[in-house]
Amino acid sequence: MIESASAPPGVIKKFMYINRRAPHGGNYAQEGLEVALIGAAFDQEVSIAFIDDGVFQLKTGQDAAAAGLKNFTAAFAALGDYEVRRIYVEAESLAQRGLTAGDLMPLMYEDEDDDYAEKPLVEIVGKDALAGIIEQQDVLLNF
C-alpha cells in the first residue's frame with residue numbers, strides 16, 4: 001500500500017493512469033496497462049483515463065497479429081478482477097476519431113454488493129468532467 005506523506009497513516013493515494021497513445025507502434029500503451037494492474041494489486045485507488053489517441057486502446061476487434069505485434073488489449077478485461085472500477089474515456093476524443101461508445105470493448109465487472117450483477121467499467125465523460133476527476137487525484141502517470 002502506498003500512503004500519502006501528507007495524510008494520516010493508512011490513507012491510500014489516488015493514482016490515475018492517463019493513456020494518450022494508440023495501442024500499437026510503441027510500448028507506452030502496454031506498459032501503462034501493466035503499471036495500472038500492478039498498482040491495483042498493491043491496493044492503490046486506481047483510475048484510468050483514455051484521451052487523444054489513447055481511446056483506440058479500448059477499440060473492439062483489434063487484430064495486432066496482422067501487423068506482427070502481440071495483442072495485449074485482451075488484458076483490459078482483467079481490470080475488473082483487480083477491482084479497478086474507475087475507467088474514463090473522454091467523449092471529445094472519441095468523437096474526433098469517429099468512434100462511439102459502441103466501438104469500445106464491453107469491459108465489465110461483477111458487483112459483489114449487487115448479487116454479482118455485471119456492470120460496465122467504462123464511463124464516457126466530457127472534457128470538463130474529466131478535468132474535475134483528474135484534479136481529485138494525488139498522482140498522475142501519463143502513458
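Student: Before we start, how are the residues numbered, and what does the model count?
Tutor: Residues are numbered from 1 along each chain as its sequence is written, and side-chain values use heavy atoms, with hydrogens and water left out. This is a predicted model, where local features need pLDDT of at least 70 and side-chain atom pairs count only at pLDDT 80 or more, while totals for chains, interfaces and linings use all residues.

Student: Okay, how many residues does helix α1 have, and what is its reach?
Tutor: Helix α1 covers residues 28-41, which makes 14 residues, and it reaches 20 Å from its first C-alpha to its last, close to the 20 Å expected at 1.5 Å a residue. The expected span is 1.5 Å times one less than the number of residues. Helices (H or I, at least four residues) and strands (E, at least two) are DSSP runs, numbered from the N terminus.

Student: Which residues of α1 are buried?
Tutor: They are A29, G32, L33, A36, L37, G39 and A40. These residues cover an arc of only 160° around the axis, which puts them on the same side of α1; the arc is that of the directions from the helix axis to the C-beta atoms. Buried means under 20% relative accessible area, exposed over 50%, and partly exposed in between, with a 1.4 Å probe and protein chains only.

Student: And what do they pack against?
Tutor: The buried residues of α1 pack against β1 (14-19) and β2 (45-50), where contact means heavy atoms within 4.5 Å.

Student: Why does G39 count as buried, and what is it in contact with?
Tutor: G39 counts as buried because its relative accessibility is 2%. Leaving aside neighbours within four places in sequence, G39 is in contact with Y17, Q44 and V46.

Student: Switching topic, how many aromatic pairs are there?
Tutor: The structure holds two aromatic pairs. One is formed by F50 and F76, which are edge-to-face at 5.8 Å centre to centre, with 70° between the planes. F50 lies in strand β2 and F76 in the loop between β2 and β3, so this pair ties together parts that are 26 residues apart in sequence. F72 and F76 also form a pair, a tilted one, at 6.3 Å centre to centre and 50° between the planes. Rings of Phe, Tyr and Trp (its six-membered ring) pair if their centres lie within 6.5 Å, and planes under 30 degrees apart count as stacked, over 60 as edge-to-face and the rest as tilted.

Student: Are F72 and F76 buried or exposed?
Tutor: Both F72 and F76 are buried, and ring pairs link F50, F72 and F76 into a cluster.

Student: Which residues touch the most other members in the largest nonpolar core?
Tutor: Of the 27 residues in that core, I48, F50, L58, F76 and L79 touch the most other members. Helix α1 gives the most to this core, with five residues. A nonpolar core is a set of buried Ala, Val, Leu, Ile, Met, Phe, Trp, Tyr and Cys residues joined through side-chain atoms within 4.5 Å.

Student: What is L79 in contact with?
Tutor: Leaving aside neighbours within four places in sequence, L79 is in contact with L33, L37, I48, V84, I87 and L121.
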